[in-house]
Amino acid sequence: MIHHTFSNLRELLFPRTCGGCGTELRGGEDSYLGLCPSCREFLDQLDREESSRVQSHPFRELFTLFPYQGRARTILESYKFEKNLALGRTLTRHLLDKPQLLGLKDYTWVPVPPRPGKIRQEGWDQIEYIVRLLEKDRKEPVSRCLKRLPSKRQKDLNREERESNVLNRIVCIKKPPPVALLLDDVISTGATLHACASALLEGGTEEVYGLCLFVN
């Protein structure tokens, strides 16, 4: 039983196959980051070429990194649904220089909160895991000042339903930072991010920026 548990944990932290293409990982860095050199270069190239920033009320700016399609989508789904935790380290690396690209100095990361019961039911939250890496390993400032009230899962709803589903369902539970950098994994309609931004502004945040890893 202990050996089986250790093997499962090792596979989550240091997988044997690439989370992007499924090839065998041969080096220590490959296993540490969960991707083969080819897939790491693929993400690097996307980051350089596909990253975009837009002005979208109520955000000062909203920044996205990768398109949610093809191999990039496979990488996120391997991380998010298969709990390939090594990929969290790769995705975190792609976040580290983005506050500077946005021109931010005195900022605080604010994770989009999980739906109630998610961590208890699934054992983890993909955004919280990245935020912990930012906070503990990189010493980045983090505020978990938002809470999501009970609602339906966004991915089960259409655009109109998503907007009404999160309306007034995300609230500040403590004083938010003056400059907030909202973090989420995928933006589709933008309903959740916008509800979070509105809650921060209502709570006293002066400027809200958004950073989303993937755009659908």
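Rings of Phe, Tyr and Trp (its six-membered ring) form an aromatic pair if their centres lie within 6.5 Å. In this predicted model, F66, Y68 and F214 form one aromatic cluster.

**Aromatic rings**
- Across the whole structure, a search finds seven aromatic pairs.
- One of these joins Y107 and W109, whose ring centres are 6.3 Å apart, with 85° between the planes, an edge-to-face arrangement.
- Both partners are buried: Y107 has a relative accessible area of 8%, and W109 has one of 0%.

**Charges over rings**
- R71 places its charged end over the ring of F42, at 4.1 Å from the ring centre.
- Likewise, the charged end of R89 lies over the ring of Y32, 4.2 Å from its centre.

**Cysteines**
- A disulfide requires two cysteine sulfur atoms within 2.5 Å, and the count of disulfides here is zero.
- The sulfur of C39 has its closest cysteine sulfur in C18, at 3.6 Å, which is too far for a bond.
- C196 is also in no disulfide, as the nearest cysteine sulfur, that of C172, is 9.2 Å away.
- C39 is buried, with a relative accessible area of 0%, and C196 is buried at 0% relative accessibility.

**Helix 8**
- Helix 8 comprises twelve residues, 126–137, and should span 16 Å at 1.5 Å a residue; its end C-alpha atoms are 16 Å apart, so the two values agree.
- Its buried residues include Q126, I127, E128 and Y129, as well as I130, V131, L133 and L134.
- Just after helix 8, K139 adopts a positive phi of about 60°.

Methods:
Residues numbered from 1 in each chain as written. Predicted model: local features only at pLDDT ≥ 70, side-chain atom pairs only at ≥ 80, totals over all residues. Heavy atoms only, no water. Buried < 20%, exposed > 50% of the residue type's maximum accessible area, 1.4 Å probe, protein only. Helix = DSSP H or I, 4+ residues; strand = E, 2+ residues; numbered from the N terminus. Expected span 1.5 Å × (residues − 1). Phe/Tyr/Trp six-rings, centres within 6.5 Å; stacked < 30°, edge-to-face > 60°. Lys NZ or Arg CZ within 6 Å of the ring centre and 35° of its normal.
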